[in-house]
Amino acid sequence: MIDGVIVTPLRQIFDERGKVMHMLREDSPVFSRFGEIYFSCTHPGVVKAWHLHKEMTLNYAVIYGEIKFVLFDDRPDSPTRGEVQELFISPENYMLVTVPPMIWNGFKCVGTVASIVANCATLPHHPDELVRRSPSDTSIPYQWALEHR
Ligand SMILES: Cc1cn([C@H]2C[C@H](O)[C@@H](COP(=O)(O)OP(=O)(O)O[C@H]3O[C@H](C)C(=O)[C@H](O)[C@H]3O)O2)c(=O)[nH]c1=O
């Protein structure tokens, strides 16, 4: 587990009408502040990577479909520098993933349906706060392609 990344199992409350999916409350230990909530919708097989937020903490929950969420720690002073972490997140494995700033991250929509990632971020989106690299950037030791074995 990359230092500072927090995984919080989330509750879903089912009844005969449907369900309620928890995400984030102000009394949660991982809540710091509210900036913006947005929903990133992704077609099956698409990779959205790499992103690094310089100041924003992410709070991800996948409310529909499934993603493979990948994190890479390149922070010079981190005890987990060089580590890659993979998480499979979906309503079937429902969790909140809190990612502090300065960690490379990205995700792939896996499975056969689109995915919806909700991000309850600590800051409003600002293009200058985000650094982008190509999914095939070789400075990050990770291959997105499906490996058949
Ligand atoms: C998030 C956002 C984006 N945009 C614009 C910027 C681009 O022209 C377009 C697509 O944005 P982006 O390429 O950043 O979308 P994703 O790759 O889905 O990534 C976004 O959703 C994932 C989950 C992240 O965590 C990213 O931080 C967030 O940027 O929407 C806005 O105008 N306002 C916004 O709040």
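Student: How many residues of the shell around the ligand are nonpolar, how many are polar and how many are charged?
Tutor: In this predicted model, four residues of the shell are nonpolar, four are polar and two are charged, where Ala, Val, Leu, Ile, Met, Phe, Trp, Tyr, Cys and Pro count as nonpolar, Asp, Glu, Lys and Arg as charged, and the others, Gly among them, as polar. Because the model is predicted, local features need pLDDT of at least 70 and side-chain atom pairs count only at pLDDT 80 or more, while totals for chains, interfaces and linings use all residues. Residues are numbered from 1 along each chain as its sequence is written.

Student: Which residues surround the ligand?
Tutor: They are Glu36, Tyr38, Ser40, Lys48, His51, Leu58, Val117, Asn119, His125 and Leu130, and a residue is near a molecule if its C-beta atom, placed from the backbone, lies within 6 Å of it. Two or more of these residues come from each of strand 4 (36-42), strand 5 (47-53) and strand 11 (115-121), strands being DSSP runs of E with at least two residues, numbered from the N terminus. Strand 4 gives the most, with three residues.

Student: Why is Lys19 called exposed?
Tutor: Lys19 has 10 C-beta neighbours inside 10 Å and therefore counts as exposed, the limit being 12 or fewer, against 20 or more for buried and partly exposed in between, with C-beta atoms placed from the backbone. Lys19 lies in strand 3 (residues 18-21), and, leaving aside neighbours within four places in sequence, Lys19 is in contact (C-beta atoms, placed from the backbone, within 7 Å) with Gln12, Ile13 and Phe14.

Student: What makes strand 4 and strand 11 a pair?
Tutor: Two strands pair if DSSP finds at least two bridges between them, and seven bridges join strand 4 to strand 11, which run antiparallel. Within this pairing, Cys41 has Ile116 of strand 11 as its bridge partner. Strand 11 is also joined to strand 6 (residues 58-64) by four bridges, again in antiparallel fashion, with Tyr60 bridged to Asn119.

Student: Why is one side of strand 1 and of strand 4 left without a neighbour in the sheet?
Tutor: Five strands form an open sheet with antiparallel pairing in the order 1-9-6-11-4. Strand 1 (6-9) and strand 4 stand at its edges, each with a single partner strand, so one side of each has no neighbour in the sheet. For strand 1 that partner is strand 9 (residues 95-99), antiparallel to it and joined by four bridges, among them the one between Val7 and Val97.

Methods
Contact = placed C-beta atoms within 7 Å.
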